[in-house]
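Thanks for coming. I will take one model today and go through it from the overall layout down to single residues.

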Number of protein chains: 2
Amino acid sequence: MVDIAILGYGTVGSGVVEVINTNKFSIDKRAGSPIRIKHVLDLRRFPGDPIEEILTDNIEDILNDDEVKVIVEVMGGVEPAYTFVKRALLKGKSVVTSNKELVAKHGAELLEIARQRDINFLFEASVGGGIPIIRPLNQSLTADEIYEITGILNGTTNYILSKMADEGGNFEEVLKEAQDKGYAERDPRADVEGHDACRKIAILSSLAFGMHVDYEDIYTEGIAKITRKDIAYAEKIGYTIKLLATSKKVEHCIFARVSPVMISKKHPLATVNGVFNAIFIKGNVIGDVMFYGKGAGKLPTASAVVADIVDAIKHLNCNIVSHWSTEKVNLMDLKDVHSRYFIRIEYDDFESAKKEIERIFETKEIIQLDNSEKELSFITKNEAEGTLSEKVNLLKEKEGIKEIISIIRIEK
Amino acid sequence: MVDIAILGYGTVGSGVVEVINTNKFSIDKRAGSPIRIKHVLDLRRFPGDPIEEILTDNIEDILNDDEVKVIVEVMGGVEPAYTFVKRALLKGKSVVTSNKELVAKHGAELLEIARQRDINFLFEASVGGGIPIIRPLNQSLTADEIYEITGILNGTTNYILSKMADEGGNFEEVLKEAQDKGYAERDPRADVEGHDACRKIAILSSLAFGMHVDYEDIYTEGIAKITRKDIAYAEKIGYTIKLLATSKKVEHCIFARVSPVMISKKHPLATVNGVFNAIFIKGNVIGDVMFYGKGAGKLPTASAVVADIVDAIKHLNCNIVSHWSTEKVNLMDLKDVHSRYFIRIEYDDFESAKKEIERIFETKEIIQLDNSEKELSFITKNEAEGTLSEKVNLLKEKEGIKEIISIIRIEK
């Protein structure tokens with residue numbers, strides 16, 4: 001019998017209890033020992049709920065219980081989660097968490113404490129919900145040098161963009177609908193502004209590259225500016241718009257970015273729709289691999305948490321190695337990163353606009369929608385982003401150009 | 001320093017040497033100890049190759065070398081691989097293999113020997129080439145009861161079907177081209193008749209369901225009968241044809257099957273094209289997850305083999321649990337499995353044919369291609385396969401029907 005405690009009885013916490021009860025027989029068998037949930041920490045009361053008897057609002061009851069070997073932190077937010085988790089690890093208890101803010105901010109330090117004490121700090125559920133990605137990165141892709149990770153890491157924004165593409169709604173309308181259905185929060189900023197995806201790509205990059213990628217250093221751009229027309233243009237040229245979180249090794253440097261990107265419909269990520277997430281990885285020997293599944297939701301997330309609990313129990317006094325050092329990566333300046341852009345403009349005069357585009361961007365290919373008056377778009381060559389924004393600034397001033405409507409990165 | 005030996009210096013064997021040399025620094029770090037390749041077994045000579053000095057044609061040199069802790073079997077075929085691997089395990093050496101025939105036939109027994117001796121028998125590369133799937137099944141999906149695995153597990157047939165769909169060639173033409181490009185063997189039967197996929201789904205099912213699924217019990221149908229016209233019909237109704245290997249739990253029974261299937265273009269497997277493979281899994285709490293990547297090829301396969309070598313070295317005296325018992329599953333009779341069919345017929349008389357189809361299959365929906373003379377098709381309801389084949393036999397005899405041209409299973 002192994003005793004565990006759960007910190008937080010919200011959506012994920014109650015999901016963990018549900019999963020452990022639902023698949024008790026096979027989970028206990030895989031853990032090699034029956035799992036008993038001994039404490040649940042929450043400030044709220046849950047009258048009539050079976051966990052009522054084991055509910056406490058005092059963390060000391062849990063930290064001082066020597067029988068508790070694994071602590072499951074599913075409260076979310078940095079504090080008090082960080083304090084609780086650190087104290088638990090220092091007491092020699094393994095910790096499993098689904099908390100991406102905590103892992104992105106303090107992952108390197110908490111892993112180091114676990115390593116020193118031969119216990120584990122596991123966080124499969126912090127990225128990609130139920131999708132197995134942290135464990136494959138640590139244990140399956142060990143023969144490879146990974147040089148790119150690109151993911152659709154946020155279900156809310158992917159739902160919104162998929163819905164806009166399929167049914168042609170506006171961002172605001174579709175966001176409202178997503179909120180009504182419970183797919184988006186009342187305060188949707190963390191999702192639609194890309195901050196959630198940013199923390200997740202910081203975690204994946206840190207593990208893949210073995211150094212600490214600070215999420216605060218990552219350029220992050222959300223989807224609120226994407227319009228139906230942008231999507232129609234993408235459609236016309238065989239592309240789709242996704243919020244991609246990406247990090248790449250370019251020679252000996254690393255860059256990371258969260259932004260809407262037009263990707264070819266032939267790219268495996270292009271068909272990841274609705275609330276699904278996917279993580280696409282390139283390794284120097286394995287080539288391309290992709291992991292796909294539900295990126296959020298009570299049971300998928302709880303499935304990943306419980307898989308970590310099983311692993312923690314199988315390795316009670318044995319640290320499962322991961323390679324995320326506290327040494328911080330200096331990310332490349334985005335100005336030096338090469339990219340292609342889709343640029344959409346409003347013109348006063350078609351011929352002058354076309355001539356200026358040809359002169360500045362060296363392209364003759366103009367894309368227009370049938371129903372777009374006084375509007376055109378084009379795709380730039382692959383150039384450093386710094387150079388490109390200088391060129392865009394130059395174009396703005398030119399005769400015939402009224403306004404730059406949108407600029408979206410584009411990738412095959 | 002940990003010594004290993006490689007049995008077989010063919011495509012995969014030389015790939016393993018290349019991967020270990022290419023990524024030496026990071027691989028040694030992850031293994032926690034430098035890896036030395038001490039012997040390579042092959043009957044051939046390789047004059048001038050750096051491995052020449054460590055080449056042997058005598059397995060006893062390897063089995064009797066107590067310094068060798070991990071043996072890598074990449075010879076292929078059941079014998080002598082089985083004898084060598086079993087002897088190695090009995091001597092207390094962990095074994096890593098990419099050999100699907102060996103694993104499908106003797107996996108349960110070899111795992112049992114490894115378990116008794118606290119060593120490991122690992123075979124990530126035997127299914128899906130580089131795609132991490134065996135380790136995620138064993139270690140990541142531990143909170144779930146898996147009730148379906150469906151995969152595109154053979155790159156050759158997927159290349160042929162993708163090419164037929166994209167460019168409209170005949171099966172024979174495209175097969176010939178695949179052979180010229182090296183994507184298909186000179187003797188392509190193991191691939192095109194589905195036997196390769198059959199062994200792989202037997203391995204995955206055995207791990208997922210924890211009992212031995214004998215590949216010889218699995219109904220297996222290849223792709224040689226699929227024509228351009230079948231693909232054109234699929235296209236017309238928004239489907240694509242793939243060779244799917246599948247196994248499902250239906251109540252307390254399991255069925256398994258390898259056959260061409262029409263799947264909706266919205267299914268994540270529908271966009272897996274060319275030589276790529278993917279494995280789609282349904283669990284009772286995680287929902288749908290999919291793993292995608294290159295299913296074959298020297299370096300992707302070697303990447304999976306080397307990841308297993310790293311894991312074997314990290315667990316030299318500690319068995320990594322897997323749940324594949326020697327107890328054999330009795331698979332369901334396919335006659336009792338429910339499915340929908342796409343049926344294509346040649347008729348003498350349209351109206352009579354239509355009337356008979358409506359009477360026997362209770363459907364009024366007839367699908368025709370513009371350029372198909374005297375041909376029609378329709379989709380049946382979901383029924384037991386036994387009932388459906390009786391109905392097909394009944395239809396054959398009816399007036400107005402000339403010939404049943406093709407019957408293909410269909411799934412959303």
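This is a predicted model: local features need pLDDT of at least 70, side-chain atom pairs count only at pLDDT 80 or more; totals for chains, interfaces and linings use all residues.

Residues are numbered from 1 along each chain as its sequence is written, and chains are lettered from A and ligands numbered from 1 in the order in which they are written.

Chain A first. Its secondary structure comes to 14 helices and 16 strands; these are DSSP runs numbered from the N terminus, with helices being H or I of at least four residues and strands being E of at least two. Along the principal axes, the C-alpha atoms of chain A fill a box of roughly 80 × 45 × 30 Å.

Of the 412 residues in chain A, 49% are buried. Buried here means 20 or more other C-beta atoms within 10 Å of the residue's own, exposed means 12 or fewer, and partly exposed is in between, with C-beta atoms placed from the backbone. As for contacts, two residues are in contact if their C-beta atoms, again placed from the backbone, lie within 7 Å. Among contacts in chain A between residues at least 6 apart in sequence, 74% join residues at least 24 apart.

Now the pairing. How is chain A laid on chain B? A turn of 180° and a shift of 0.0 Å along the axis do it, with an RMSD of 0.0 Å. That is the relation of a two-fold axis. The superposition is by least squares on the C-alpha atoms of residues with pLDDT of at least 70 in both copies. Of the residues of chain A, A:Phe291 comes closest to the rotation axis, with its C-alpha at 2.4 Å.

At the interface, 39 residues of chain A are in contact with 39 residues of chain B. On the chain A side, at least two residues each come from α1 (11-22), α2, α6 (134-140), β12 (287-294) and α12. By class, that side has 20 nonpolar, 12 polar and 7 charged residues. The classes are Ala, Val, Leu, Ile, Met, Phe, Trp, Tyr, Cys and Pro as nonpolar, Asp, Glu, Lys and Arg as charged, and the others, Gly among them, as polar. Since 100% of the interface residues of chain A are also interface residues in chain B, the copies meet through the same surface.

Two of those helices also pack within the chain. Helix α2 (residues 24-31) and helix α12 (residues 298-314) of chain A pack at an angle of about 35°, with their axes 8 Å apart. The contact is made by A:Ile27, A:Arg30 and A:Ala31 of α2 and by A:Val306, A:Val310, A:Ile313 and A:Lys314 of α12. It has 5 nonpolar, no polar and 2 charged residues. The axes are lines fitted to C-alpha atoms over the stretch in contact, and angles run from 0 to 180 degrees between N-to-C directions.

Next, the core. Which residues touch the most other members of the largest nonpolar core? Of its 253 residues, they are A:Val72 and B:Val72. A nonpolar core is a set of buried Ala, Val, Leu, Ile, Met, Phe, Trp, Tyr and Cys residues joined through C-beta atoms within 7 Å. Beyond its neighbours within four places in sequence, B:Val72 has contacts including B:Ile4, B:Leu7, B:Val96 and B:Ile309.

Finally, some single residues. The peptide bond from A:Glu79 to A:Pro80 is cis, with omega near 5°, and A:Pro80 lies in the loop between β4 (68-73) and α4 (81-90). In chain B, the bond from B:Glu79 to B:Pro80 is cis, also with omega near 5°.

A:Glu362 has phi near 55°, a positive value in a residue other than glycine. It is found in the loop between α13 (350-361) and β14 (375-379) of chain A, and counts as exposed with 11 C-beta neighbours inside 10 Å.

A:Ala108 is in helix α5 (residues 100-116) of chain A and is partly exposed, with 18 other C-beta atoms within 10 Å.
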